[in-house]
Amino acid sequence: MALLNLLGLFAALGLLALATFALRRGRSRIGPLAGDPVARILGLLAADLAVWNLATVLFHWTGEPAWHWLDVTFSPLTPPLVLHLVTTWVGVARRARPWLLAAYVAFGALALSSPKSLRGLPWMPCPANKW
């Protein structure tokens with residue numbers, strides 16, 4: 001189990017490095033790839049993957065429910081980000097905009113519903129805990 005957590009930690013750190021480089025490339029104003037939209041979306045995807053991988057590892061190590069909440073909140077955002085990356089990469093993002101919007105809305109709703117009203121977290125009381 002410790003090896004799996006260690007690999008998850010290394011994956012999260014590698015994804016954070018990729019997110020940093022991609023987001024810097026995406027907002028760059030110099031060079032042939034200045035403001036590259038693929039780099040921006042790749043950076044957001046890598047950041048999303050890093051957050052939920054790191055949250056999973058930290059939840060396994062600490063058992064704190066807040067880390068699990070972070071994991072289940074950010075993991076549903078992965079599919080629309082992958083779809084956005086692919087459509088941007090192949091150059092059909094403008095034509096696929098309605099599908100992208102639908103994906104972001106659907107999976108965004110799933111991300112908001114995943115924490116189950118944040119039940120059980122001491123810093124976020126919920127009336128549903130009473131029954």
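Contact means heavy atoms within 4.5 Å. Helices are DSSP runs of H or I with at least four residues, numbered from the N terminus. The model is predicted: local features need pLDDT of at least 70, side-chain atom pairs count only at pLDDT 80 or more, and totals for chains, interfaces and linings use all residues. Residues are numbered from 1 along each chain as its sequence is written, and side-chain values use heavy atoms, with hydrogens and water left out.

**View 1. Helix α3 and its cover.** Asp71, Val72 and Thr73 are buried in helix α3 (residues 65–74). Buried means under 20% relative accessible area, exposed over 50%, and partly exposed in between (1.4 Å probe, protein chains only). The cover over the buried residues of α3 includes α2 (37–62) and α5 (97–113).

**View 2. The buried residues of helix α1.** Asn5, Gly8, Ala12, Leu15, Ala19, Ala22 and Gly26 are the buried residues of α1. They pack against α2. The 25 residues of α1 should span 36 Å at 1.5 Å a residue, and the end C-alpha atoms are 36 Å apart, which agrees. The expected span is 1.5 Å times one less than the number of residues.

**View 3. Leu3 on helix α1.** Leu3 lies in helix α1 (residues 2–26). Leu3 is exposed, because its relative accessible area is 59%.

**View 4. Pro80 in helix α4.** Pro80 sits in helix α4 (residues 78–90). Pro80 counts as buried, because its relative accessibility is 1%. Neighbours within four places in sequence aside, Pro80 is in contact with Ala103, Tyr104 and Phe107. The C-alpha atoms of Pro80 and Leu45 are separated by 9.3 Å, with the two residues 35 apart along the chain.

Technical notes. Helices (H or I, at least four residues) and strands (E, at least two) are DSSP runs, numbered from the N terminus.
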